[in-house]
Amino acid sequence: MKARMTCLSDQAEIFIAGAKYDAVLEPFAVRADEIDRVQYGSDDTKTHRKIKHILGTKYHDRVGRLLVSELFTVGTGGWSGFPSHKHDTDRLPEETRHDETYNFRFKPNHGSGLQMLQRVDNQPGDAYHIMDGSTVLIDKGYHPCCVLPGYQMYYFTILGGQSQRSLKQYFQPTHADQVKTIPGILDMVAKFK
Amino acid sequence: MHIAPHDNQNRPIVDVDHPLVPLTYFNIVKLTKGQVFDTAVPGYETCIVPATGTLKIEVGGQTHNDLGQRRGDVWGGNPKGFTCPPG
């Protein structure tokens, strides 16, 4: 099905997020007041964030495989995607395969951060220096990210499930004890189910 | 994989069947007032989310007239979205 967009404002920058899925479901609008929000982490643990779910769990019967959300750091500096987790292999009940794509923004926009990608527990991984407008593709592995002190970070998050929509992250065993010590992590997990 | 910021000229940044993340698709489209853009992605359901700006959307016989209310940057308010079935 084709969608036609016409720009009504002076300018617009539009994200188009997609997930591999064949069936034709009825299109619908998600209004600003229907956005599901969750805030978690803390300033003390340097992990304070909030997520606005545009297409979250309440749409399981209307969307096939696509999850779309926006993450904002709360305050400046700090980490996200932690405790580290992955979702690259379908092996329920422990984990689902969901591919993931991020697009990052910083405020002020000359800020920047780092995206880690660690494919094997307890072995060094890769890190990318991300800037305003960077896109990161998460195919495999544990993927925390952080922003420089003094800056806020945002990332648009697209998840596409292989065999189901509901996401099951597998927390990296090395850091899994912090799932209990960082506030609200289990609430955050529930909103992707 | 990291794709550094660049002008993608309204063409997909992560296209269908990307070798690393084949289950996702991503495009950034930049428009000025009055410009029209058509999107249809075979084999993928999509969701249109204005980062900034306001759109009229026409899909499957439906018209939605004020999608998006943020100006300047993504910190300016709650997002809105519109889903679209595979093209």
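Modeller: This is a predicted model, and a place to begin is a pair of residues in two chains: Arg70(B) is buried, and Glu70(A) is buried as well.

Colleague: Which residue forms a salt bridge with Arg70(B), and in which element does that partner lie?

Modeller: The closest N and O atoms of Arg70(B) and its partner are 2.7 Å apart, and that partner is Glu70(A). The pair crosses between chains, starting from the loop between strand E6 (62–67) and strand E7 (81–84) of chain B, where Arg70(B) sits, and ending at Glu70(A) in chain A, in strand E6 (residues 66–73).

Colleague: Is Lys107(A) buried or partly exposed, and which residue is its salt-bridge partner?

Modeller: Lys107(A) has a relative accessible area of 30%, and therefore it counts as partly exposed. The closest N and O atoms are 2.7 Å apart, and the partner is Asp73(B).

Colleague: Why does Lys86(A) count as buried?

Modeller: Lys86(A) forms a salt bridge with Asp88(A), at 3.1 Å from N to O. Buried means under 20% relative accessible area. Lys86(A) counts as buried because its relative accessibility is 12%.

Colleague: How many salt bridges does the structure hold over all chains?

Modeller: The pairs discussed above include the salt bridge between Lys86(A) and Asp88(A) and the one between Lys107(A) and Asp73(B). Over all chains, the number of salt bridges is 18.

Colleague: Turning to the largest pocket, which element gives the most residues to its lining?

Modeller: The largest pocket holds about 350 Å³ of space, and the elements that give two or more residues to its lining are strand E10 (95–107) of chain A and strand E2 (24–32) of chain B. The most, with four residues, comes from E10(A).

Colleague: How many charged residues does the lining of the largest pocket have?

Modeller: The lining is made up of 21 residues, and those nearest the centre of the pocket are Glu13(A), Arg105(A), Asn109(A), Asp132(A) and Gly133(A). By class, seven residues of the lining are nonpolar and eight are polar, while the number of charged residues is six.

Notes:
Residues numbered from 1 in each chain as written. Chains lettered and ligands numbered in written order. Predicted model: local features only at pLDDT ≥ 70, side-chain atom pairs only at ≥ 80, totals over all residues. Heavy atoms only, no water. 1 Å grid on protein atoms, 1.4 Å probe; cavity = no way out; pocket = protein on both sides within 12 Å on 5 of 7 lines; lining within 4 Å. Points joined across faces, edges and corners; volume = space filled by probe spheres on them. Nonpolar A, V, L, I, M, F, W, Y, C, P; charged D, E, K, R; others polar. Salt bridge = Lys/Arg side-chain N within 4 Å of Asp/Glu carboxyl O. Buried < 20%, exposed > 50% of the residue type's maximum accessible area, 1.4 Å probe, protein only.
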